[in-house]
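Here's a quick briefing to read alongside the model. Have the sequence and the 3D view open as you go.

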Amino acid sequence: MQSVELHAHSSLSYDGRDPVELLLEQASGVGLDALAVTDHDEIDASLRAAELAPEYGLVGIPGMEVTCAAGHVLALGIQEAIPPHLPFDETLDRIRDQGGLAVVPHPFQESRHGVLEHISKAELATADAIEVYNSRLLTGRSNRQAERFARRKGLPMTAGSDAHIAEMVGQAVTNVGTDERTVEAILDAIREGKTTVEGKRTPWRISFRQAAGGAKRRVKNGIAELLQ
């Protein structure tokens with residue numbers, strides 16, 4: 001069994017704070033076996049994290065959080081960035097063309113780019129896996145909806161901290177049923193549904209601080225672009 005963090009953001013994300021070294025240090029410190037850095041529409045930091053991961057005793061899973069036309073999709077196990085704003089089905093195809101795993105995070109949270117605002121549940125069921133526990137929750141209702149949907153459709157289930165600061169890495173963990181410590185073995189086991197999930201809520205004060213920090217960085221970046 002491998003304990004894996006599948007949803008974390010570095011400073012390369014517009015709303016992330018910390019470099020990958022701090023994320024890796026936290027993942028190792030809390031006893032994880034593997035970490036995927038999944039920045040918004042960026043992959044460079046994740047590739048670096050995957051390269052550095054063995055130094056921290058970890059398996060580094062390269063990936064990103066793609067902003068497709070319908071919302072967010074986690075692309076795990078890829079080596080090249082998936083372009084944003086493509087249709088949902090094409091985004092999944094692009095991920096699979098690289099041998100990657102397409103996981104839909106927080107699908108029922110429309111306020112956080114959950115895809116169900118723009119696609120049907122039948123389309124959602126074409127994903128490789130569904131994130132059924134996201135630590136950044138208010139009531140937990142959307143997580144319960146995601147779990148019920150995944151169970152009804154027989155889809156593999158994952159969890160993710162959706163960490164935007166290093167301290168939150170490991171808040172939600174996917175336990176993956178394989179003894180082999182490789183990216184390929186972990187992703188294959190997820191595809192086969194050999195997972196259990198566990199997690200706890202990101203403290204509200206941290207969620208609010210992350211949101212505020214992301215908004216501040218978006219304004220700063222927007223001003224910088226206007227001045228170019």
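**The sheet and its helices**

β1 and strand β2 (residues 34–37) run parallel and are joined by 3 bridges. This is a predicted model, in which local features need pLDDT of at least 70 and side-chain atom pairs count only at pLDDT 80 or more, while totals for chains, interfaces and linings use all residues. Residues are numbered from 1 along each chain as its sequence is written, and side-chain values use heavy atoms, with hydrogens and water left out.

Helices (H or I, at least four residues) and strands (E, at least two) are DSSP runs, numbered from the N terminus. Two strands pair if DSSP finds at least two bridges between them.

*Strand layout*

- Val4 has Ala34 as its bridge partner in β2.
- As a reminder, strands of a sheet pair through backbone hydrogen bonds, either parallel or antiparallel.

*Helices across the sheet*

**Salt bridges**

- Taking a salt bridge as a side-chain nitrogen of Lys or Arg within 4 Å of a carboxyl oxygen of Asp or Glu, the count comes to 9.
- One of them pairs the side chains of Arg17 and Glu167, at 2.8 Å from N to O. That pair links distant parts of the chain, 150 residues apart: Arg17 is in the loop between β1 (2–8) and α1 (20–29), and Glu167 is in the loop between β8 and β9.
- Arg17 is partly exposed at 38% relative accessibility, and Glu167 is partly exposed with a relative accessible area of 40%. (Buried means under 20% relative accessible area, exposed over 50%, partly exposed in between, with a 1.4 Å probe and protein chains only.)
- Arg94 and Glu90 also meet through their side chains, at 3.2 Å from N to O. Both sit in helix α3 (residues 88–97), 4 residues apart, or about one turn of the helix.
- Arg94 is partly exposed at 33%, and Glu90 is partly exposed at 29%.
- In helix α6 (residues 183–191), Asp188 and Arg191 are about one helical turn from each other because they are 3 residues apart. Their side chains form a salt bridge of 2.8 Å, N to O.
- Asp188 comes in as partly exposed at 36%, and Arg191 as partly exposed at 32%.
- Salt bridges that share partners also tie Arg17, Asp18 and Glu167 into one network.

**Gln171**

- Where does Gln171 sit? Gln171 is in the loop between β8 (157–160) and β9 (172–176).
- Gln171 counts as buried because its relative accessibility is 12%.
- A polar atom of the Gln171 side chain lies 3.2 Å from the backbone oxygen of Arg201.
- Leaving aside neighbours within four places in sequence, Gln171 is in contact with residues including Glu5, Ser135, Ser161, Glu198 and Pro203.

Conventions: Polar contact = N/O pair within 3.5 Å; in protein donor to acceptor, adjacent residues only side chain to side chain. Contact = heavy atoms within 4.5 Å.
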